[in-house]
Amino acid sequence: MLPPRAITTACALLALAGAGAAGAQPVIPGSTAFCLYEIPVDDGGKRRWINLGIVQYVEATRSEVKIFYGAGGLGSGHEARIAVASMEEALLQLEKMRRVAAACR
């Protein structure tokens, strides 16, 4: 029989693994310092998460949502781009991010 900690860890990993299939974000209690949000990637089977705790700002247009994170100084940060078809879809993407961030409190 597995120890309780191993079962808890396995359940968390299974929740993460199943979340991308339906496009839903996992609802695993987190913290503001480590708050993962999965972003779509067009690279085969690769999956990518960003830490919402280090997001600097977000830009939304009718064609994409850009998330700027990890910036130190002199443009040393990174950006993630999520393609969308309309401003309404961009706002839905932002609402998903807000819900995940709220769960990390």
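This is a predicted model: local features need pLDDT of at least 70, side-chain atom pairs count only at pLDDT 80 or more; totals for chains, interfaces and linings use all residues.
Close-up 1. Residues are numbered from 1 along each chain as its sequence is written, and side-chain values use heavy atoms, with hydrogens and water left out. Lys66 is buried, at a relative accessible area of 16%, where buried means under 20% relative accessible area, exposed over 50%, and partly exposed in between (1.4 Å probe, protein chains only). Apart from neighbours within four places in sequence, Lys66 is in contact (heavy atoms within 4.5 Å) with Tyr57, Val58, Glu59, Glu79, Ala80 and Arg81.

**Close-up 2. The aromatic pair of Tyr57 and Phe68.** A search of the whole structure finds 1 aromatic pair, a pair being rings of Phe, Tyr and Trp (its six-membered ring) whose centres lie within 6.5 Å, with planes under 30 degrees apart counted as stacked, over 60 as edge-to-face and the rest as tilted. The ring centres of Tyr57 and Phe68 are 4.3 Å apart and their planes stand at 15°, so the pair is stacked. Because Tyr57 lies in strand β3 (residues 55-60) and Phe68 in strand β4, the pair ties together parts that are 11 residues apart in sequence. Tyr57 is partly exposed, with a relative accessible area of 43%, whereas Phe68 counts as buried at 13% relative accessibility.

Close-up 3. A nonpolar core is a set of buried Ala, Val, Leu, Ile, Met, Phe, Trp, Tyr and Cys residues joined through side-chain atoms within 4.5 Å. The largest one has 15 residues, of which Tyr37, Ile39, Ile50, Leu52, Val65, Ile67 and Ala80 touch the most other members. At least two residues of this core come from each of β1 (36-39), β4 (64-69), β5 (78-83) and α2. Not counting residues up to four places away in sequence, Ala80 touches Ile39, Ile50, Val65, Lys66, Ile67 and Tyr69. Gln93, which lies in helix α2 (residues 87-103), is buried with a relative accessible area of 10%, and, leaving aside neighbours within four places in sequence, Gln93 is in contact with Tyr37, Val65 and Ile82.

**Close-up 4. The disulfide between Cys35 and Cys104.** The structure holds 1 disulfide, defined as a pair of cysteine sulfur atoms within 2.5 Å, and this disulfide joins Cys35 to Cys104 with an S to S distance of 2.1 Å. The pair links distant parts of the chain, 69 residues apart, with Cys35 in the loop between α1 (4-22) and β1 and Cys104 in the segment after α2. The torsion about the S-S bond of Cys35 and Cys104 is about 85°, so the disulfide is right-handed. Cys35 counts as buried at 3% relative accessibility, and Cys104 likewise counts as buried, at 5%.

**Close-up 5. Leu36 in strand β1.** Leu36 has its place in strand β1 and is partly exposed, with a relative accessible area of 30%. Leu36 touches Trp49, Ile50, Asn51 and Val100, not counting residues up to four places away in sequence. From C-alpha to C-alpha, Leu36 and Leu52 are 6.1 Å apart in space, while in sequence they are 16 residues apart.

Methods:
Helices (H or I, at least four residues) and strands (E, at least two) are DSSP runs, numbered from the N terminus.
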